[in-house]
Amino acid sequence: MSTVTNAMSTGSANRVLRFDQVQRFAHWANAALFTVLILTAIPLYFGSFFGIVLARHTVEQVHLWSGLSLPIPLLVSYVGPWGRRMRRDIRRFNYWTRDEVRWIRTLGKSGLQADKFNPGQKLNALFIAASIVVMLLTGSMLQWFRFFSVSQREGATFVHDSLALAVVMVIVGHLAMAFTHVDALRSMFTGTVGERWARIHAPAWLAELDREGAAGSDDDSSTRER
Amino acid sequence: MSTLPEPKKPVGRRVFIGMVAVGALGVAIGGEVQNFLGNAFGSGLGGILPGGDRFRFYSITGSNPKVSRRKYRLEVSGLVERPMTFTLDDLEAMPSTTFKKTFQCVTGWKVPDVEWRGVQLSHILNLVGVQPEAVALSFESYDKADTESLTIDQAHLPDVIVAYQMLGAPVTTEHGGPVRLYVAPMFGYKSLKWLSAIRVVNQVIPGYWEQNGYPTNGWLDGTTGPTNPNPNLT
């Protein structure tokens, strides 16, 4: 708290906290689980495609348990006193301005004072969140298939497989964006972005922080650190 | 630059709920969509599409037993008049039956119109002569782990075969070749791969998948009784 500064009155060397430790934990735990799920899905989906049949039962168990644990990092980081910032960012994913909707409709061509997350990033987060729910439910149907009709099992297989493909494509896109926006990527390790970065990529967010800083909100004054 | 917040709408919630709803719809009609796509584009594209008409391979042991054509033997023993051992040539010399049938897995994937060729199990049972006290068959696999069972009555169904051709070619190692069981009216797990031995026994001995919770009588219509009067199954 002693290092709290006002963005507008200080130099561009200032760092702005983008993700706190809880959020970084949630992101990387989630990323690790998705990685394990995708890697174990390959032999499960393609079978003896590679000419080797792996110990299927083991691979299956790893896939199952990673899948069942998938919602845990996000839920743990959302609830509890440590989840304040997480909850706040999830509200950002939910509430959209008219400009943001227009920005998506015009595929990014309309002008926008971007929030902490631009509409593309918001869609990415929503897509992953909904995918977790759908994959978990359809995956559970495939695991505990006895309770469902054959036609429902077929539908669940269809959705699980199709959505898996879509998730992989979205993650590839996400990685491509991360590696072409190194400052943003770095903030998922260190937590902070430079103020200059925020002014370019998230001006509405920076303005919001300044309003809150000026209002002396103890909530977001702690957003700043040197 | 405007600093006053604009009116905001819960677009995110709608996107999220919409996606979950599409997922639920996909579960409800996904099977039909898949059939439609398979019919519209043929099995070529159907085989590539996610969830499409393709086999998924399950291995209990982690490796596929490789048995050459020359070394293959099917041993039939137990409560029989004449225990016999057949080579692949022996099986191929017997009267054969050929038919197309959808391969349906109990977990929901299927491959339509798979062509099968082999010997009716009833023919083999007639050759060895089943003793009157026999109740069931116990099947063994070259993978030394998988086992299966059928009652004598089930074994006499016309589309229960010892298959040596599948998809118009000799059964591949992945598919359980050179010789596998194919129990057409039941889910795929009943069709034991790499068939090595048939023992005629006086009680039903649940197989590997049954010991892991699958029904012993896994009829495709979902019933689990020892007999099934549904004429559409066979």
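How many residues does the contact take from chain B, and how many from chain A? The contact takes 43 residues from chain A and 39 from chain B, where two residues are in contact if their C-beta atoms, placed from the backbone, lie within 7 Å. This is a predicted model, in which local features need pLDDT of at least 70 and side-chain atom pairs count only at pLDDT 80 or more, while totals for chains, interfaces and linings use all residues. Residues are numbered from 1 along each chain as its sequence is written, and chains are lettered from A and ligands numbered from 1 in the order in which they are written.

**Where the chains meet**

- On the side of chain B that touches chain A, β1 (8-9) and α1 (11-48) of chain B each supply at least two residues; helices (H or I, at least four residues) and strands (E, at least two) are DSSP runs, numbered from the N terminus.
- The largest share of that side of chain B, 16 residues, comes from α1(B).
- The residues on that side of chain B divide into 17 nonpolar, 15 polar and seven charged, with Ala, Val, Leu, Ile, Met, Phe, Trp, Tyr, Cys and Pro counted as nonpolar, Asp, Glu, Lys and Arg as charged, and the others, Gly among them, as polar.
- Strand β2 (residues 96-97) of chain A runs antiparallel to β1(B) and is joined to it by two bridges, and two strands pair if DSSP finds at least two bridges between them.
- Within this pairing, Trp96(A) has Lys9(B) in β1(B) as its bridge partner.

**Chain A**

- The secondary structure of chain A comes to eleven helices and four strands.
- Of the 226 residues in chain A, 27% are buried, meaning that 20 or more other C-beta atoms lie within 10 Å of the residue's own, with C-beta atoms placed from the backbone.
- Among the contacts in chain A with a separation of 6 or more, 66% are between residues 24 or more positions apart.

**Domains and sheet of chain B**

- Chain B is divided into domain 1 (11-54) and domain 2 (73-211), with bounds that come from an automatic or database domain assignment.
- The C-alpha centres of domain 1 and domain 2 of chain B lie 34 Å apart.
- Five strands of chain B form an open sheet with mixed pairing, in the order β3-β2-β11-β6-β7.
- The edge strands of this sheet are β3 (84-87) and β7 (147-151) of chain B, each of which pairs on one side only.
- β2(B) and β3(B) form a hairpin with five residues between them, and they pair in the antiparallel sense over four bridges.
- β2(B) is also joined to β11(B) by four bridges, and these two strands run parallel.
- Glu75(B) has Thr85(B) in β3(B) as its bridge partner, and Glu75(B) also stands opposite Ala197(B) in β11(B).

**Nonpolar cores**

- The largest nonpolar core has 44 residues, and those that touch the most other members include Leu91(B), Val162(B) and Leu195(B); such a core is a set of buried Ala, Val, Leu, Ile, Met, Phe, Trp, Tyr and Cys residues joined through C-beta atoms within 7 Å.
- Elements of chain B that give two or more residues to this core include β2 (73-78), β8 (160-166) and β11 (195-201).
- The largest share of this core, six residues, comes from β8(B).
- Apart from this core lies another, of 17 residues, among them Trp96(A), Met141(A), Val159(A) and Val15(B).

Technical notes. Buried ≥ 20, exposed ≤ 12 C-beta atoms within 10 Å, placed from the backbone.
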